[in-house]
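Trainee: I'd like to learn how to read a protein model. Could you walk me through this one, feature by feature?

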Amino acid sequence: MIKKIIVSISLLFSLVSFAQEGTSSPYSFYGIGDVRFKGTVENTSMGGLSVVPDSIHLNMMNPAMYSSLKLTTYAVGGTFSVNKLTTDTQSEKAQRTALNYLAVGIPLKKLGIGFGLIPYSSVGYSLKSSSTDSNALVTDSYDKGDGGVNKVFLGFGYQLTKGLSIGADIQYNFGQINTQNISIRYDANGLPIQYATKEINKSIVNGANINTGISYQTKLNNKINLFTSATYSPSSSINLTNTRTVSLVQTVNGIDSATVGDPSEITVPSTKLNLSSKYSIGLGIGDSKKWIIGTELVFQNSSNFGNRFNDVSNVSYQNATKFILGGYYIPNYKSFTNYFSRVVYRGGLRYENTGLVINNTSIKDAALTVGLGLPMRGTFSNINIGVEFGNRGTKSAGLVNENYMNFNIGLSLNDRWFVKRKYD
């Protein structure tokens, strides 16, 4: 296990770099980008369900669940995404590969500790648009962006009584978001004017927040348990140090080939984005060694959220909501003769009002998820795979509809630490 942790340190740099390319959504232009982290592969394969305590899987959605761990757990996961973007007139495809999380959970009797790194949100888009002014002159705009916000966290969960646990995470957000626009203007004869305008915006992000949770389970009868959970993240803010550079460039097909003269530094104010308060409630029933079905509701007071720069005029925010339904089934976890009887079969549904409103149109996101937990022979460790089929946005109001497939894979590796020797 120590070797696994050493290897994980080398992956930290990969996580930060992969966060730069973690999305291909045009909606990542707004706010701090496309919020990617929706839980481990085990969670996302059940629609994002996180209500069930687990002794060998790390649950980073509710810190109270750390107290359920019985073995030291190392978790890492990544995604390969295929995204089809459609408007009223065009259709494009994009692909991205990204690491999603790297974390460790350590049980200490009634106390559980978790820490790790999460690429929380990503900016990644490349767009072309055209506009015509009152004099019938056309301007083509080429926009692209990259970067994102990463999150490091340290949390604990403590079992107060049998079945009742509480927990809290301290989280620090950091990163950089880069956006670029090149505007090419055409004269009355349709010929491009010699020089185009290039604008580069950079935002350095930092700030902290906390997440608290509670979990309770009790028996309904000899076989069926009732699981409940709740989380609450109070509102906080992140600081953005913004810079803007404008220059004249010569272009070929929207790509600048040479800068003309010295770039001009434009003073733009630093901003603060409010990370709105968020809370969730969850309920599940079942036999944890056989089957579970559960549901969760997530609410976020995001109506007072903002953008990195104050000159974005076509967007506003409303309170966000998310509905999750999911569960799993294990035919026979004790089987020694049939491997597939020990496989965990997962599935779920997710429906979300993201809170983002563009051109007076709310952006919705819905997905169907399925997955498998594949046990490794002779250990409690397992490989988790999942597929997410989703749809976000709309073609109305001049917007973009996204049909996406996310192929997720994660490792949950277990070991026993801090065992007292019986013999020297």
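Mentor: Let's start with one side chain: that of Asn173 makes a polar contact of 2.9 Å with the side chain of Asn209. A polar contact is a pair of N or O atoms within 3.5 Å; within protein, one must be able to donate a hydrogen and the other to accept it, and residues adjacent in sequence count only if both atoms are side-chain atoms. Keep in mind that this is a predicted model, where local features need pLDDT of at least 70, side-chain atom pairs count only at pLDDT 80 or more, and totals for chains, interfaces and linings use all residues. Residues are numbered from 1 along each chain as its sequence is written, and side-chain values use heavy atoms, with hydrogens and water left out.

Trainee: Is Asn173 buried or exposed?

Mentor: Asn173 is buried, because its relative accessible area is 2%. Buried means under 20% relative accessible area, exposed over 50%, and partly exposed in between, using a 1.4 Å probe and protein chains only. Contact means heavy atoms within 4.5 Å.

Mentor: Ser276 counts as buried, because its relative accessibility is 6%. Look for Ser276 in the loop between strand 11 (271-275) and strand 12 (278-287). A polar atom of its side chain lies 2.8 Å from the backbone oxygen of Asn301. Beyond four places in sequence, the residues touched by Ser276 include Ser233, Gln300 and Asn304.

Trainee: And a residue that isn't buried?

Mentor: Lys289 is partly exposed, because its relative accessible area is 48%. Leaving aside neighbours within four places in sequence, Lys289 is in contact with Ile330 and Tyr333. Lys289 and Tyr333 are 44 residues apart along the chain, yet their C-alpha atoms are separated by 6.9 Å.

Trainee: How do I read the way strands pair?

Mentor: Two strands pair if DSSP finds at least two bridges between them. Here, strand 2 (residues 72-86) and strand 19 (residues 401-415) pair in the antiparallel sense over 15 bridges. Ala75, for one, has Ser412 in strand 19 as its bridge partner. Strand 2 also runs antiparallel to strand 3, with 14 bridges joining them, and a hairpin of 4 residues links the two.

Trainee: Which strand pairs with strand 19 over 12 bridges?

Mentor: Strand 18 (residues 382-393), again in the antiparallel sense. In that part of the model, Asn391 stands opposite Asn403 in strand 19.

Trainee: How do we look for empty space inside?

Mentor: Rolling a probe the size of a water molecule over the atoms shows where empty space is left. On a 1 Å grid over the protein atoms alone, a cavity is a set of points where a 1.4 Å probe fits but cannot get out, and lining residues have an atom within 4 Å of a point. Grid points are joined across faces, edges and corners, and a volume is the space filled by probe spheres set on the points.

Trainee: How many cavities of 30 Å³ or more are there by this rule?

Mentor: The count comes to 2.

Trainee: Finally, how many helices and strands does the chain have?

Mentor: The chain has 2 helices and 19 strands, and buried residues make up 49% of its 424 residues.

Terms used: 1 Å grid on protein atoms, 1.4 Å probe; cavity = no way out; pocket = protein on both sides within 12 Å on 5 of 7 lines; lining within 4 Å.
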